Amino acid sequence: MEYKIAGKKVKFNKDKNIGNVIYIVEGERREIMLLGHIFSEILKYQEVIGIDRNGRERVKYISKENRNSKVFVINSEKSNIQSITNTEFRDKQFELLKNYDEEFNYENIPIYYIFDCDRKKDKENIKRLINTYINSREPSEENKYDSVGGMLLLSYPSIESFIISNFENDMIKFNKRFNFETQTLKEYIGLNKYDNQKMSINTLLNSFNELLKSLNNININEINLDNIKKFNNEIFEYEQKNKNQYMISLLLISFIDLGIIEIVD
């Protein structure tokens, strides 16, 4: 399904029934705690369970407001983006989720891979993954022998771009004035006290508007959620050509796919 994402109004559907959803992340703490806070504290979803790559439970939030929605956040085998191709490890992680829901079935449910994209990493390898993990629910033709799908949503250069975009208003200029040689984004977040606990519906809306502005800057005004290969490739190629480190996170694309964020006329 194609969505026009330029010049549109946005609304949050806090009570949207999303069913079972899996986020697969690279970090053992940052992404798990971030997604846990968003879904449990902001959106008030029924259950958020985080499992790290060693199978230990890290986050569990329970709410009575939406019993039919469960969000599972688990680690890939390693922080290296290539590890998402280890389907054996992934399926073992999925089996662990049955400890929380005996009827849990990971086929035909939305799966999102949330990873950083540093320009120093292998270009061809990342492009191959972009062209493979293109749909949250169904395997692509390139990955047709897998039993599940998965949508790859990258953050440039890291998930910290998403956090900063919750609190600042011009991410396009941010990357031009920030000196990546003298300071890390983690240090910047710490100095400015951009804490997860300060995030709200309003900051998420700000982050989404910043995402739209960054996409518009690349002349991207639509996305096909059935196949985001073209969308992802356009962003990746722009970042490669850009002299400065481009600051953009695609995490909230999953919210459009799930119907939590709705783009309306």
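# Structural report on a predicted model

In helix H8, the buried residues are Phe-231, Asn-232, Asn-233, Ile-235, Phe-236 and Glu-239. The model described here is predicted. Helix H8 runs over residues 229–241 and holds 13 residues. From its first C-alpha to its last, H8 reaches 18 Å, close to the 18 Å expected at 1.5 Å a residue. The buried residues of H8 are covered by elements that include helix H3 (123–130), strand E9, helix H7, strand E10 (222–224), strand E11 (248–249) and helix H9 (253–258).

## Overall fold

The protein contains nine helices and 12 strands. Its C-alpha atoms fill a box of roughly 50 × 40 × 40 Å along the principal axes. The radius of gyration is 17 Å, which agrees with the value near 18 Å that a compact globule of 265 residues would have. Of those 265 residues, 55% count as buried. Among contacts between residues at least 6 apart in sequence, 75% join residues at least 24 apart.

## Nonpolar core

The largest nonpolar core has 85 residues. Helix H1 gives the most to this core, with six residues. The residues with the most contacts inside the core are Ile-22, Tyr-23, Phe-39, Phe-162, Ile-253 and Phe-255.

For Tyr-23, neighbours within four places in sequence being left aside, the contacts are Leu-35, Phe-39, Val-71, Phe-72, Val-73, Ile-74, Tyr-112, Ile-114, Leu-251, Ser-254, Phe-255 and Leu-258.

Ile-38 is placed in helix H1. Its relative accessibility is 0%, so Ile-38 counts as buried. With neighbours within four places in sequence again excluded, Ile-38 is in contact with Leu-43, Phe-162, Leu-204 and Phe-255. The C-alpha atoms of Ile-38 and Leu-185 are separated by 20 Å, and these two residues lie 147 residues apart along the chain.

Helix H2 spans residues 87–97. Within H2, Phe-89, Arg-90, Gln-93, Phe-94 and Leu-97 are buried. Viewed down the axis of H2, these buried residues fall within an arc of 145°, and therefore they line one face of the helix. An α-helix has 3.6 residues a turn, so residues three or four places apart point the same way. On the other side of H2, Glu-88 and Lys-92 are exposed. The buried residues of H2 pack against strand E3 (20–25), strand E4, strand E6 and strand E7 (111–116).

The N-terminal end of H2 is capped by Asn-86, with a side-chain oxygen 3.3 Å from the backbone nitrogen of Glu-88.

Ser-83 lies in the loop between strand E6 (70–75) and helix H2. A polar atom of the Ser-83 side chain lies 2.9 Å from the backbone oxygen of Lys-78. Apart from neighbours within four places in sequence, Ser-83 is in contact with Ser-76, Glu-77, Lys-78 and Phe-115.

## Backbone features in loops

Tyr-156 and Pro-157 are joined by a cis peptide bond, with omega about -10°. Pro-157 is placed in the loop between strand E9 (150–156) and helix H4 (160–165). Strand E9 is also among the elements that cover the buried residues of H8.

Note on methods. Residues numbered from 1 in each chain as written. Predicted model: local features only at pLDDT ≥ 70, side-chain atom pairs only at ≥ 80, totals over all residues. Heavy atoms only, no water. Helix = DSSP H or I, 4+ residues; strand = E, 2+ residues; numbered from the N terminus. Polar contact = N/O pair within 3.5 Å; in protein donor to acceptor, adjacent residues only side chain to side chain. Contact = heavy atoms within 4.5 Å. Core = buried A, V, L, I, M, F, W, Y, C linked by side-chain atoms within 4.5 Å. Buried < 20%, exposed > 50% of the residue type's maximum accessible area, 1.4 Å probe, protein only. Expected span 1.5 Å × (residues − 1). Arc of directions from axis to C-beta. Rg over C-alpha atoms; globule rule 2.2 N^0.38 Å.
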